[in-house]
Amino acid sequence: MRRSFCVLASLLHEPKAVKVGGKMKINNFKEWKFKEPPVYAELPIDENPEYNVPVAVKNAVFSKVPTEPLIGQLHLVCASDACLEDILDLDPIVAESEEFVDFIAGKYLPSGGLPVSHRYGGYQFGYWADQLGDGRAHTLGEYINSKGESWQPQLKGSGETPYSRFGDGRAVLRSSIREMLASEACHFLGIPTTRAAALVVSEEHKVWRDKTYSGRAKQENAAIVMRVAPCWYRLGSVEILLKRQEPHTMKTLVDHIIKHYFPNINVEDEDKYVKWYSDVAHRNLDMVATWQGYGFTHGVLNTDNVSVLGVTIDYGPYGFMEHYNSHYVPNSSDDMGRYAFSKQPEILLWNLDKFAEALQPILSDDQKAKIEGVNKALEKYVTDKVLQTYISKLGLTTIQDGDSLLIDDLLNMMERTMADFTATFRQLAEVQANQLSDKTILEEKWSLNKLQEATGWADWVKRYQGRLQGDQVTEQDRVSRMCKLNPVYVPRNWILQEAINDAENSDFEKVRFLLKLFHKPFEVNDEAERRGYSSQPPSWSYGLKLSCSS
Ligand code: AMP
Ligand code: MG
C-alpha cells in the first residue's frame with residue numbers, strides 16, 4: 001500500500017524544472033527527490049538500532065544507518081557541473097543553495113531517501129580481512145534521472161556505521177579533494193569510474209590524522225564528498241557471504257544485481273551466474289586496460305575496492321605516473337609493491353579468481369567448470385587489451401606481429417631515460433612522424449628530449465614509421481587520433497598537492513580550476529599552460545608518495 005502511494009505522490013509533485021542548454025534542469029533543490037522506495041530496499045537490510053557501534057552484521061546486505069552531519073560552518077569546496085546536470089538533472093546554480101550544501105554535509109535528506117551502509121568483506125594485500133563494509137559512507141537513496149537512468153548518490157565521510165571498526169567515520173579535506181578530482185578526471189579521460197558530484201568542508205569540525213604514520217597526529221578539517229554510481233557492490237560484497245556461509249543471501253544479492261545492472265543477461269538463463277561472472281571479469285579487465293593507458297595506478301587494489309560494474313572505485317593513495325616506471329607504487333604503505341603499476345592486470349586476475357571462489361556455493365559442478373573455462377581465457381584477453389590500448393595511443397589501427405616488442409621497447413626506453421608517461425605520448429603527436437629523429441626539434445619537447453637520449457631511439461623511430469606506413473595512416477589521421485587518446489593534463493600528484501595546500505587555507509580556486517580543466521583533458525588550456533600543468537614537474541614532486549591515512 002505504502003509503496004504505491006509514494007509512487008503516486010511523486011508523480012503528483014513533478015519537480016520544478018528549467019531549461020539549461022536545451023535540457024530540463026531543477027533549479028530549486030527543495031524540489032529534488034529520490035525514488036521511493038529505492039531499488040536496494042528489496043534486499044535484506046539490518047535495522048540494528050545501535051547503528052554506530054561496530055558489529056558483525058549477519059544475513060543482510062545493508063545496515064540502515066542515519067548520517068552524522070558535519071558540524072560547524074560549512075563551505076562548498078566545489079561541485080561538478082557535469083555530474084549535477086547530466087546525472088542529477090540539477091541546474092549547477094543549486095550548488096550555491098543552503099539545502100544543497102546541507103545535503104552534501106549529511107544534514108538534509110530529500111524525500112524518498114533511505115540512508116544505508118553496505119556490508120562487504122575483502123582480501124587486503126592478499127589476505128582475507130573479514131568484514132569491512134562502508135565504515136564512513138552512506139548510500140542515501142536512488143535517483144531516476146530524466147534519461148531514465150538509475151543512480152545512487154553516496155556520502156563519504158558522513159559518520160560512524162556498524163562497519164567503522166577502529167575508524168571515526170570521517171574523511172579529511174585532502175583525501176576528499178583527491179577523490180573528487182580523480183573521479184571526474186577519469187570519467188573525462190575515458191576511464192570507467194564512479195562519479196563525484198560535490199565536496200563540502202567544515203570550518204570547525206576537526207578530526208585527528210597521522211598522515212605520515214610518524215606518531216605525530218594532527219588535527220585536520222572533516223569533509224564529505226558525494227559520489228554517484230549506479231550501485232556500489234564490490235567483489236567483497238559476495239565474498240563476505242561465502243565466508244559467513246550465507247548462500248541464500250548471496251543468491252538474493254546476485255539475482256538483484258543481474259536483474260538491475262546486467263540487462264544483457266536473462267534472469268531465467270540457467271547459466272546466468274556464469275555469464276555474470278564473465279561480464280564482471282571482462283568489464284574489470286577492460287577498465288584496467290584503460291588505467292594502463294593513462295599511467296593510472298590505483299594504489300589499493302584489494303577485492304573490496306573492485307566494483308562488480310567494472311568501474312574505478314575508492315580513490316585513495318592513487319597516482320598518475322609521471323616519469324615511466326613499471327614498478328611505480330604511489331601508496332606509501334605498499335612496501336612490497338603488490339599494487340605497482342605494471343602488476344595491475346595480474347592483480348585484477350588474482351582478485352577475479354577469489355571472486356570465482358566466492359560464487360561457488362551458488363554454482364553447479366557444470367557451472368564451476370564453465371567458470372574455470374572463462375578464467376583460462378582472461379589472461380590473454382587482458383594482455384591483448386593492454387596491447388591494443390598502447391597501439392591506439394601511437395595512432396596505429398591494427399595489431400601486427402612484433403607490436404608487443406615495439407611497445408616494450410618504447411616503454412623500456414622511457415624507463416631508462418625517465419621520460420614522462422603522459423607527456424611522451426602527447427608529444428609524439430606534436431612532432432611530425434618524419435621528424436622524430438630530428439634532435440633539434442625534439443629538444444623543444446621536454447619529455448621527448450629525454451627519450452631521444454636512449455640507445456635505440458633512432459631505430460625505434462624507423463620501426464614506428466614503418467608501422468604507420470603499413471597501416472596506411474596519414475599524418476593528419478595519426479595526429480587527430482593521438483590527440484583524442486593522449487591527454488595534455490592528468491591529475492598529477494604535485495598538481496593536486498598544490499590545490500590541497502591552498503584549500504587547507506580556505507582558498508578553493510585551484511581545486512575549482514582543476515575540476516573544470518579535467519573536463520577537457522585533451523585540449524590545451526592557456527591558463528593551465530601558464531600554471532605549468534603540462535610542463536616538467538617541479539623537483540619537489542619527485543617521488544611524492546601518498547598515505548592511506550584519509
Ligand atoms: P579504504 O582503504 O578507504 O578502501 O577503506 C578500507 C575499509 O576501512 C573500509 O571498510 C572503509 O569503510 C574503512 N575506513 C577507512 N577509513 C575509515 C574511517 N575514517 N572511519 C571508519 N571506517 C573507515
Ligand atoms: Mg575501500
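Trainee: Which residues touch the most other members in the largest nonpolar core?
Mentor: Tyr233, Trp276, Tyr277, Leu394 and Trp457, out of 128 residues in that core. Keep in mind that this is a predicted model.

Trainee: And which helix gives the largest share of this core?
Mentor: That's helix α7, residues 272-294, with 12 residues.

Trainee: What else is there as a separate core?
Mentor: There's a second one of 33 residues, and it includes Phe29, Val94, Tyr143 and Ala222.

Trainee: Back to Tyr233. What is it in contact with, leaving aside neighbours within four places in sequence?
Mentor: Quite a list. Among them are Tyr40, Leu43, Val61 and Phe62. Tyr233 is also in contact with His118, His256 and Tyr261, and with the run Val306, Ser307 and Val308.

Trainee: OK, helix α5 next. Is it mostly covered or mostly open?
Mentor: Mostly covered. The helix spans residues 235-243, and seven of its nine residues are buried. Those are Leu235, Gly236, Ser237, Val238, Glu239, Ile240 and Leu241.

Trainee: How far is Leu348 from Gln427, C-alpha to C-alpha?
Mentor: The separation is 30 Å, and the two are 79 residues apart along the chain.

Trainee: What does Asn305 do with ligand 1?
Mentor: An N or O atom of the Asn305 side chain is 3.1 Å from an oxygen atom of ligand 1. Asn305 is also one of the residues that come nearest to ligand 1, along with Gly133, Gly135, Arg165 and Gly169, out of 15 around it.

Trainee: How much of ligand 1 does the protein cover?
Mentor: It covers 80% of the 480 Å² of accessible area that the ligand has on its own.

Trainee: You listed Arg165 up there. Where is it?
Mentor: In the loop between β11 (150-156) and β12 (171-172). Arg165 has a positive phi of about 45 degrees although it isn't a glycine. Arg165 counts as partly exposed because its relative accessibility is 39%.

Trainee: What about Tyr213, what is its phi?
Mentor: Positive, about 50 degrees, and Tyr213 is not a glycine. It sits in the loop between β13 (195-209) and β14 (218-229). With a relative accessible area of 47%, Tyr213 is partly exposed.

Trainee: Now the backbone. Which peptide bond is cis?
Mentor: The one from Glu36 to Pro37, with omega near -5 degrees. Pro37 lies in the loop between β2 (23-25) and β3 (45-46).

Trainee: What does Glu142 touch, setting aside neighbours within four places in sequence?
Mentor: Pro37 is one of its contacts, and the others include Phe34, Lys35, Pro38, Ser150 and Trp151. A polar atom of the Glu142 side chain lies 2.8 Å from the backbone nitrogen of Val39.

Trainee: Why does Glu142 count as buried?
Mentor: Because its relative accessibility is 4%, and the cut-off for buried is under 20%. Glu142 is in the loop between β9 (137-139) and β10 (143-144).

Trainee: Last one: where does Ala137 lie?
Mentor: In strand β9. Ala137 is buried, with a relative accessible area of 4%. Its C-alpha is 5.9 Å from that of Ser158, which is 21 residues away along the chain.

Methods: Residues are numbered from 1 along each chain as its sequence is written. Chains are lettered from A and ligands numbered from 1 in the order in which they are written. This is a predicted model: local features need pLDDT of at least 70, side-chain atom pairs count only at pLDDT 80 or more; totals for chains, interfaces and linings use all residues. Side-chain values use heavy atoms; hydrogens and water are left out. A nonpolar core is a set of buried Ala, Val, Leu, Ile, Met, Phe, Trp, Tyr and Cys residues joined through side-chain atoms within 4.5 Å. Buried means under 20% relative accessible area, exposed over 50%, partly exposed in between (1.4 Å probe, protein chains only). Helices (H or I, at least four residues) and strands (E, at least two) are DSSP runs, numbered from the N terminus. Contact means heavy atoms within 4.5 Å. A residue is near a molecule or strand if one of its heavy atoms lies within 4 Å of it. A polar contact is a pair of N or O atoms within 3.5 Å; within protein, one must be able to donate a hydrogen and the other to accept it, and residues adjacent in sequence count only if both atoms are side-chain atoms. Accessible areas come from the Shrake-Rupley method with a 1.4 Å probe; for residues, only the protein chains shown count as cover.
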